[in-house]
Structures are given as C-alpha cells and as structure tokens.
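Here is a short tour to read with the model open beside you.

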Amino acid sequence: MKTIQDIKKEREAKQTQLFNECGLFWAFSNQQFTENKTPLKEGEKYVSIGHGGYLPKGQLDIFLNGMADIKKWEKEQKKAMKAEEREKCILYELNNYECFYTQDIEDALPALLPHFTLEEIQAVYNKNLQKELEANY
C-alpha cells in the first residue's frame, strides 16, 4: 500500500514531466524570464499560468488537461488508501512533527491538510495521545 509520501513523490514526478513536456518555466523578473524561457514556434507567444509560471500558448490546453489528469489520479490514489493506512500516514506525520511531545498538531498541519481533513487529523491525534505519551515521554 502506498503512503501519502509515495503519492506526493509520484505527483511531483508527474508534474515535473508535464512541465518539461509543455515547456513550462518560472520567472519572477525580466532577467529570469529571458534566462529561463523555452523555445517558441513561429508566431507563438507565452502565456502566464500565474505564480510566475509561463509556457508557450500552444501548450496551454495540454498543460491544463495534464494537471486535471494528475489531480484526478491523486484523488483516486488517496481514495484507495484504506482507513487504517490513512491513520498510519497521519500518525507518522504527527510523530514526525513531535505533536505528541508538544501536545499541539499545528506544526504538522501543512504536511497533512492537503491530504486529510482537520477532523480526521484531530481524531487520530486524540485516539493516540495517551498511548504515545505513555510509550515515549
């Protein structure tokens, strides 16, 4: 069974491949734009996708469809995770961020919220708090 970290790595690899195929580049200044821009076909222009990302206009539909496919794939992967596997993933991050030691889940939320609900995270934390405190602290 895949972990949430495995899914994240696969998603990032899929995105990187798509970005390369579409000629997507990032620029936050004119100099970066000039240095990073990808080749254009004759008569083509660049379009912004926001957040400093640019690509040739002819690649925009491929990019948007590819991102939609990646999002759909990621959703299917997460759905396939069994409840116990989801709990293991949440518990891993709670331990990784020492939430049981600090008795606060705040630090783990950026890693968990894209993949789990706050209610799910809090429930796993509450369920395991006493056991983790007794075992480790």
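Predicted model: local features only at pLDDT ≥ 70, side-chain atom pairs only at ≥ 80, totals over all residues.

Two strands count as paired if DSSP finds at least two bridges between them.

Taken together, the three strands make an open sheet in the order S1-S3-S2, with antiparallel pairing. As background, strands of a sheet pair through backbone hydrogen bonds, in either a parallel or an antiparallel way.

## The chain as a whole

Stepping back, the protein chain has seven helices and three strands, and along the sequence they follow the pattern α-β-α-β-β-α-α-α-α-α. The radius of gyration is 20 Å, well over the 14 Å that the globule rule gives for 137 residues, so the chain is more spread out than a compact globule. The C-alpha trace spans about 65 × 30 × 20 Å along its principal axes.

How much of the chain counts as buried? The share is 35% of the 137 residues. As for contacts between residues at least 6 apart in sequence, 57% of them join residues at least 24 apart.

## Two residues to look at

Arginine 11 belongs to helix H1. Is arginine 11 buried or exposed? Its relative accessible area is 16%, and the cut-off for buried is under 20%, so arginine 11 counts as buried. Neighbours within four places in sequence aside, arginine 11 is in contact with Ile70, Trp73, Glu74 and His115.

Leucine 60 is found in helix H3 (residues 60-80) and counts as partly exposed, at 24% relative accessibility. Which residues does leucine 60 contact, leaving aside its neighbours within four places in sequence? They are Val47, Ile49 and Leu55. Leucine 60 and leucine 112 are 52 residues apart along the chain, and their C-alpha atoms are separated by 30 Å.

## The largest pocket

Rolling a probe the size of a water molecule over the atoms shows where empty space is left. In this model, the largest pocket has a volume of about 160 Å³. Helix H1 (4-22), helix H4 (83-96) and helix H6 (109-112) each contribute at least two residues to its lining.

The lining is made up of Ile4, Gln5, Lys8, Tyr92, Glu93, Asn96, Tyr97, Pro110, Ala111, Pro114 and His115. By type, six of the lining residues are nonpolar, three are polar and two are charged. His115, one of the lining residues, is also among the contacts of arginine 11.

Note on methods:
Residues numbered from 1 in each chain as written. Heavy atoms only, no water. 1 Å grid on protein atoms, 1.4 Å probe; cavity = no way out; pocket = protein on both sides within 12 Å on 5 of 7 lines; lining within 4 Å. Points joined across faces, edges and corners; volume = space filled by probe spheres on them. Helix = DSSP H or I, 4+ residues; strand = E, 2+ residues; numbered from the N terminus. Nonpolar A, V, L, I, M, F, W, Y, C, P; charged D, E, K, R; others polar. Rg over C-alpha atoms; globule rule 2.2 N^0.38 Å. Buried < 20%, exposed > 50% of the residue type's maximum accessible area, 1.4 Å probe, protein only. Contact = heavy atoms within 4.5 Å.
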